[in-house]
Amino acid sequence: MITRSWLKRAGKGVPMDLRRDIHEEIVLLRSRTPEITGALTCTVDGMLVTTDMPADTEQTAALTSALLSLSRRMTDLAKVGRLEETLVSGTEGYAACYAAGPKLVLTVLAGPGANLGLLRREGRKTAEKLAAIVERG
């Protein structure tokens, strides 16, 4: 269940109305993709914006920022185009990170057996919406 505690934990630098809109997109993502077990957004420098994860949110935001940086560098070196996502596969599930424009990152957690096609499609769609929200703000 998503609580309002994200308002208290959210990072600085993103206005409250934008954080609320960003959080609403996470709620919509979770409703479209029930296999998702947690989600967060952070700035590209690792400041938490909003989350519905119960624990380790600050560390997850920091690692998300580092993973985004490494993934962007890898796509540049490999000359495979613009980064779309980074998917980490573990024995107990998945963590997917999506660049949401130049300022924001979306991280989504899903359990084992998750429909990766759905996760990828909905993650990308949500990242695009988040980028648009930040750009209008």
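Biologist: Which residue of β2 does Leu 40 stand opposite?

Modeller: Leu 40 faces Thr 51 in β2, and in β5 it stands opposite Thr 107. Bear in mind that this is a predicted model, where local features need pLDDT of at least 70 and side-chain atom pairs count only at 80 or more, while totals for chains, interfaces and linings use all residues. Numbering starts from 1 along each chain as its sequence is written, and side-chain values use heavy atoms, with hydrogens and water left out.

Biologist: What makes β1 and β2 a pair?

Modeller: Two strands pair if DSSP finds at least two bridges between them. β1 and β2 have three, in the antiparallel sense, so they qualify under that cut-off. β1 (residues 36-43) and β5 (residues 104-110) are joined by seven bridges and run antiparallel too.

Biologist: Why do β2 and β3 count as edges?

Modeller: The open sheet has five strands in the order β2-β1-β5-β4-β3, with antiparallel pairing. β2 (48-51) and β3 (86-90) each have a single partner strand, so one side of each is left without a neighbour in the sheet.

Biologist: Why are α2 and α4 called roughly antiparallel?

Modeller: Their axes cross at roughly 165° and come within 10 Å. Axes are lines fitted to C-alpha atoms, for helices over the stretch in contact, with angles from 0 to 180 degrees between N-to-C directions. Under 35 degrees counts as roughly parallel, over 145 as roughly antiparallel, 65 to 115 as roughly perpendicular and the rest as oblique. α2 and α4 are therefore roughly antiparallel.

Biologist: Which residues make that contact?

Modeller: Among them are Leu 18, Ile 22 and Leu 29 of α2, and Leu 118, Leu 130 and Ile 133 of α4. Contact here means heavy atoms within 4.5 Å.

Biologist: What is the direction of helix α3 relative to β1?

Modeller: Helix α3 (residues 57-78) runs at about 70° to β1 and lies across β1, β2, β3, β4 (93-100) and β5.

Biologist: How much of the protein reaches a pLDDT of 70 or more?

Modeller: That's 91% of its residues, and the mean is 88; pLDDT is the predictor's confidence in each residue, from 0 to 100. Over residues 1-11 the pLDDT is below 50, although that stretch has 27 contacts in the model beyond near neighbours in sequence.

Note on methods:
Helix = DSSP H or I, 4+ residues; strand = E, 2+ residues; numbered from the N terminus.
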